[in-house]
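I opened the model to look up a few local features. My notes follow in the order in which I took them.

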Amino acid sequence: MVVQARTLEFYGQYGFADEAIEQGVVAENAHVRRGGESGKSREILSISFKEMGAGLSPYPFALAYPQDDHERFLIKKLKDLGCEVQWKTKLTGFSEQEGGVSAQIERDTGRVEEAESEYICGCDGAHSCVRETLRIGFPGGTYEQLFYVADVKIARGFDRDLHINLGEHILALMFPVRSSGMQRLIGLVPPELSGGGSIDFEEIRGHVEPLFDIQVTQVNWFATYRVHHRVAEKFRVGRAFLAGDAAHIHSPVGGQGMNTGIGDAVNLGWKLAQVLQGRAGNSILDTYEPERIGFARSLVATTDRAFTAMVGESLTGEFTRRILAPLVFGVATRFSLGRHAIFRTISQTRIHYPDSSLSEGAAGDVHGGDRLPWTAAPAADNFRPLRSLDWQAHVYGEIDKEFEAGCSKLGLALQAFAWSESAKHAGLRQDALYLVRPDGYVALASVEQSVSKLRGFVERFQLRFKEPAAQTRLKNESTGEET
Ligand SMILES: Cc1cc2nc3c(=O)[nH]c(=O)nc-3n(C[C@H](O)[C@H](O)[C@H](O)COP(=O)(O)OP(=O)(O)OC[C@H]3O[C@@H](n4cnc5c(N)ncnc54)[C@H](O)[C@@H]3O)c2cc1C
């Protein structure tokens, strides 16, 4: 349901963030409630996403966009690029051959075909055929708690905010679903109903309604499911890669799973494209697994700890739920540092790759491997040039002539921005060099605009740049000056 700011930043690079936002619901506030087990619940905390993410991202909110609508949206974007998804077509196995992959594809007619490709990526969900063919372990476990999901209409009308209720055996969320004008409810089935056979909404109505102080007038969809927490032992074997739920699954608490899968795809996508186009050496593909598996492991461990603490029956669980979580959240959101820390974590804008072989150096507070920090208006928007989806050098301040000539010789696009308060606030350093990857992460950061460092990096990864378009001229909105 929840599309995080980092995913929208990627969509901004592809040029369709605004369209996605238009189709979902921008949830600007979250409300935390407590109680409702016997009688009414009450709101204990209200949080403004806008305040939490102000100045950190062009998208300081959570977008509620149901996955089925979201998938149709992305499939249409693929189609516009001339790529047709082949439905009712199943991968049944594959093997790596010299210089490529040979896969067996079964059509819905029962016909089996051989398909040849240079690489294969298993984005085929938790029961991944690619992962199983490679015999990659998927260690972890399954939570005993049963979850429910429902799309419902409520008597008080469409509610555009996010709501969460935490209590003993209670973990429940309510989101808006624009396409149906309904609310989506997700939560834990009470333990007395979770052991036996199938249940319907009527059996849990009396439990759910008081949690959000709602009256459900219509139920469109109801299902129950169990949640797993697992991370694949490897994300790559030879010419085969894993991404998304094929590589990691965890509790939906925090709305991270799909966003992490999209992050995997973005990370792998540009690397594969550059290798296939002969614009980067094969070694760039070696950086996919270390960059993404580290984040997946820490995410699964964190969501596991949070989930266990929130729903656990122990005294510690009770303490975390009733006292610690609201207290920490309440205090943290009162201070801007705390608000920013929470936003960075939830929105995935904190994800960085400090240990990657693609990450080098530091300048100001920005290190190789960090997401390029956003320089908010009124300075020039430094995310705009990222739409080229290509390597680029950024300088915030004065450009050194020798460096400019070096970039030109390498065919590397050079983006110059006037030094601004906003750049300083973002942690960038005046006149430093930032070599930015096609996915908006800083690869090389250097205090000096060093052509030799740049050349060394380019040679190490055998990078070849596209001819840069005429250098972008950006206007500083406060001074009107062009750079
Ligand atoms: C109730 C609930 C709420 C959630 N809320 C959020 C949220 O708010 N935010 C968030 O980020 N995440 C959320 N998640 C997690 C999110 O739904 C998953 O992480 C996401 O769907 C994973 O996408 P995927 O493409 O990797 O895998 P899947 O969605 O499982 O897609 C895999 C695809 O591969 C196809 N496939 C499988 N095997 C084969 C084969 N052999 N050949 C060909 N095709 C095959 C399948 O048909 C399917 O289309 C939630 C999950 C649940 C259950």
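I take strands (E, at least two residues) and helices (H or I, at least four) as DSSP runs, numbered from the N terminus. I count two strands as paired if DSSP finds at least two bridges between them.

The model is predicted, so I use local features only at pLDDT of at least 70 and side-chain atom pairs only at pLDDT 80 or more, while totals for chains, interfaces and linings use all residues. Residues are numbered from 1 along each chain as its sequence is written, and side-chain values use heavy atoms, with hydrogens and water left out.

**Entry 1: the sheet**

I looked up the order of an open sheet of three strands and found β6-β7-β8, with antiparallel pairing. β6 (89–97) and β8 (112–117) are at the edges with a single partner strand each, so one side of each has no neighbour in the sheet. On average, neighbouring strands here are turned by 25 degrees against each other, direction ignored; the axes behind such angles are lines fitted to C-alpha atoms.

I then went through the pairs. β6 and β7 are joined by eight bridges in the antiparallel sense, and serine 95 is opposite serine 102 in β7. Their hairpin has two residues between the strands, and glycine 99 there has a positive phi near 75 degrees.

β7 (residues 100–107) is joined to β8 by six bridges. Valine 101 has serine 117 as its bridge partner in β8, and glutamate 106 is opposite valine 112. Four residues lie between β7 and β8 in this hairpin, where glycine 110 in the turn has a positive phi of about 95 degrees.

**Entry 2: the ligand**

Which residues come nearest to the ligand? I noted Gln67, Tyr225, Asp245, Met258 and Asn259, out of 20 around it (a heavy atom within 4 Å).

I checked polar contacts next (pairs of N or O atoms within 3.5 Å). A ligand oxygen is 2.7 Å from a side-chain N or O atom of aspartate 245. A ligand oxygen is also 2.9 Å from a polar backbone atom of valine 2, and a ligand nitrogen is 3.0 Å from a polar backbone atom of leucine 91.

**Entry 3: the second largest pocket**

A pocket here is an open set of points on a 1 Å grid over the protein atoms alone, where a 1.4 Å probe fits, with protein on both sides within 12 Å along at least five of seven lines; lining residues have an atom within 4 Å of a point. I looked up the lining of the second largest pocket and found 21 residues, with Leu56, Arg344, Arg371, Pro373 and Ala426 nearest its centre. α10 gives the most to this lining, with three residues.

Notes: Axes fitted to C-alpha atoms, helices over the stretch in contact; angles between N-to-C directions. Polar contact = N/O pair within 3.5 Å; in protein donor to acceptor, adjacent residues only side chain to side chain.
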